[in-house]
Number of protein chains: 2
Amino acid sequence: MNKRYIGIDLGGTSMKLGIVDADGQLLYQMEKPTQPEEGADQGLRRIAAYSRELAEVTRTPWEQVGGLGIGLPGFLDIPNGVVVKLTNVPWSNVPVKERLESALKIPVAIDNDANVAALGEAWSGAGAGLDDLICVTLGTGVGGGVITHGRLVHGVSGLAGEIGHIRVEENGALCGCGQRGCVETISSATGIVRLAREAEAAGRETSLAPLIHDSRLTAKDVFAAAERGDAVALEVVRKAADALARVLAILSVVNNPARFIIGGGVSKAGETLFNPLRAAYAEHALAHSAKGVEIVAAQLGNDAGIIGAAGLTADREK
Amino acid sequence: MNKRYIGIDLGGTSMKLGIVDADGQLLYQMEKPTQPEEGADQGLRRIAAYSRELAEVTRTPWEQVGGLGIGLPGFLDIPNGVVVKLTNVPWSNVPVKERLESALKIPVAIDNDANVAALGEAWSGAGAGLDDLICVTLGTGVGGGVITHGRLVHGVSGLAGEIGHIRVEENGALCGCGQRGCVETISSATGIVRLAREAEAAGRETSLAPLIHDSRLTAKDVFAAAERGDAVALEVVRKAADALARVLAILSVVNNPARFIIGGGVSKAGETLFNPLRAAYAEHALAHSAKGVEIVAAQLGNDAGIIGAAGLTADREK
């Protein structure tokens with residue numbers, strides 16, 4: 001009987017839980033409040049109960065459940081399955097793998113949320129069937145997940161895929177990491193809004209001015225203005241695409257992945273982002289490395305976290 | 001019985017052949033002329049004969065030979081084991097794997113010389129026992145080999161590890177690849193000589209002037225002058241180290257390898273290179289990613305090519 005796998009995407013407000021078949025297809029999912037204040041013991045008890053509920057609802061005998069994976073935001077000891085410290089959830093030094101394996105008698109694995117989303121896309125999303133790919137998430141920041149030989153790359157301290165901190169501007173804006181000119185300061189939603197604000201503050205005329213003055217400009221507004229032909233917005237989009245393309249050009253001579261998968265809120269801009277991004281990549285990439293490389297949108301949306309988390313234990317059985 | 005493996009490092013002038021045990025230790029090696037003009041058919045016949053000779057000399061029954069690997073400089077179709085075109089040897093479209101497997105009845109694999117050297121260091125050199133590492137070869141150019149999950153990364157068109165073409169200077173010197181400011185234009189032997197020449201041409205006083213005027217300055221001379229305290233040479237070395245450190249900082253947020261292994265002629269400068277390199281890495285690397293990462297010299301020297309080539313088929317059996 002083909003195994004099924006449970007995947008959990010744990011955020012500060014809610015957790016999404018799902019059960020996935022051996023091909024990475026989501027069979028059923030549910031959403032529950034995270035209730036960070038109740039502490040890790042109670043949180044893990046609820047996760048165990050929800051997991052059994054997922055199996056029951058989908059009429060999956062427990063012996064058919066091949067494992068459970070959780071994607072979490074924060075500092076993790078991935079090999080040992082220990083949460084060191086989470087972002088927005090006050091869990092610290094929690095042996096999640098040990099506790100849940102003891103409660104559920106199935107293999108349990110944890111990983112960070114960006115890696116898990118990448119694994120989801122690699123398993124049954126935009127990267128299905130490929131051994132080498134890199135996912136880039138363009139949201140408040142710029143995150144990433146690196147897959148080689150069909151498996152996630154973690155690296156010696158779990159920092160593989162932190163590609164938002166590749167520097168592309170010598171004296172650029174200050175990044176949260178302490179460096180200047182990281183791609184995250186330019187190509188993230190935050191970076192795009194910053195560039196538009198700076199252009200307007202420098203006296204450039206733009207239809208975005210009212211939103212800027214009301215402090216409610218979003219990256220989505222910038223893309224909408226670019227589609228209307230606003231010159232400042234077009235320039236900002238071109239700059240964000242150019243910075244990201246420089247990073248993809250670098251990644252092409254490191255791991256030379258077959259496909260770059262772009263996800264996150266900013267990627268919803270579609271061709272308004274992808275057209276200048278592909279053009280800038282063709283310009284910056286080493287001639288040979290531009291061949292055979294595709295830049296595509298993520299396919300799984302919010303489900304990538306659940307599917308990839310489920311894949312953590314499915315992957316292990318390869 | 002533990003298998004043994006044959007490894008061949010094929011260059012334009014000579015080929016080095018060796019037989020290696022299951023731990024990647026070189027048992028015996030020999031060197032033969034490549035004789036590029038004789039053509040691929042005769043070259044492959046000699047390789048087959050030398051391989052049998054290696055087994056005989058080391059009293060290795062043919063059944064104990066687990067495979068044969070060859071490292072070659074040029075364009076290769078690695079998965080199919082076909083030489084597309086070599087540098088300095090006029091072989092083109094030669095199905096090396098098919099021909100040698102048919103002649104020798106053992107598994108045969110080919111790979112490019114930089115990858116093979118990296119695999120050698122990973123197997124029984126400076127990276128032994130590590131799953132994630134990156135080798136950097138500082139010679140006429142800057143090459144590299146990327147290892148994740150204990151295996152070489154090739155990428156979609158075999159360009160993984162071409163890290164010499166990561167750009168570190170916006171308007172830098174023109175690189176052979178057509179881009180400007182690639183690390184290869186700064187941190188290679190050629191780059192180091194160029195920087196010293198340019199400083200002298202700009203009127204800076206340096207003990208290297210006589211060698212520059214005679215057109216026989218080498219990177220080795222620049223390091224020797226730096227050790228004597230020559231200000232221009234110290235500045236050139238610092239600049240070469242800084243450019244390379246920026247690249248290692250980038251690689252640390254892509255694959256986050258446990259160790260960077262620096263080989264090639266320029267690496268023989270030892271601490272004169274490694275001290276400023278480690279200092280610049282600490283400055284450029286994302287704070288967390290500097291931890292637990294080592295920058296070390298390659299250990300196998302010229303044997304890395306034979307050992308890594310032998311590892312191509314040993315690796316396959318993992």
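1. Chain A and chain B bury about 3,100 Å² between them, with 58% of that area on carbon and sulfur atoms; buried area here is the accessible area (1.4 Å probe) that two parts lose on being put together, summed over both. The contact takes 42 residues from chain A and 42 residues from chain B, where contact means heavy atoms within 4.5 Å.

2. The model is a predicted one, in which local features need pLDDT of at least 70 and side-chain atom pairs count only at pLDDT 80 or more, whereas totals for chains, interfaces and linings use all residues. Residues are numbered from 1 along each chain as its sequence is written, chains are lettered from A and ligands numbered from 1 in the order in which they are written, and side-chain values use heavy atoms, with hydrogens and water left out.

3. Between chain A and chain B the count is two salt bridges, a salt bridge being a side-chain nitrogen of Lys or Arg within 4 Å of a carboxyl oxygen of Asp or Glu. One of them joins Glu170(A) to Arg246(B), and the closest N and O atoms of this pair are 3.1 Å apart. On the side of chain A that touches chain B, the elements giving two or more residues are S10, S11, helix H8 (231-252) and helix H10 (287-290), and H8(A) gives the most, with four residues. Helices (H or I, at least four residues) and strands (E, at least two) are DSSP runs, numbered from the N terminus.

4. His149(A) lies in the loop between strand S10 (142-148) and strand S11 (151-152) of chain A, and its relative accessible area of 17% makes it buried, the term meaning under 20%, with exposed over 50% and partly exposed in between (1.4 Å probe, protein chains only). Its side chain makes a polar contact of 3.2 Å with that of Thr148(B). Leaving aside residues up to four places away in sequence, His149(A) touches Asp131(A) and Asp132(A) as well as Thr148(B), His149(B), Arg151(B), Leu152(B) and Val153(B).

5. Chain B holds an open sheet of five strands in the order S11-S10-S9-S12-S13, with mixed pairing; two strands pair if DSSP finds at least two bridges between them. Strand S11 (151-152) and strand S13 (294-297) of chain B stand at the edges, each with a single partner strand, so one side of each is left without a neighbour in the sheet. Strand S12 (residues 259-263) of chain B pairs with S13(B) in the parallel sense over four bridges, and Phe260(B) has Ile295(B) as its bridge partner in S13(B).

6. Ala225(B) counts as buried, at 0% relative accessibility.

Note on methods:
Polar contact = N/O pair within 3.5 Å; in protein donor to acceptor, adjacent residues only side chain to side chain.
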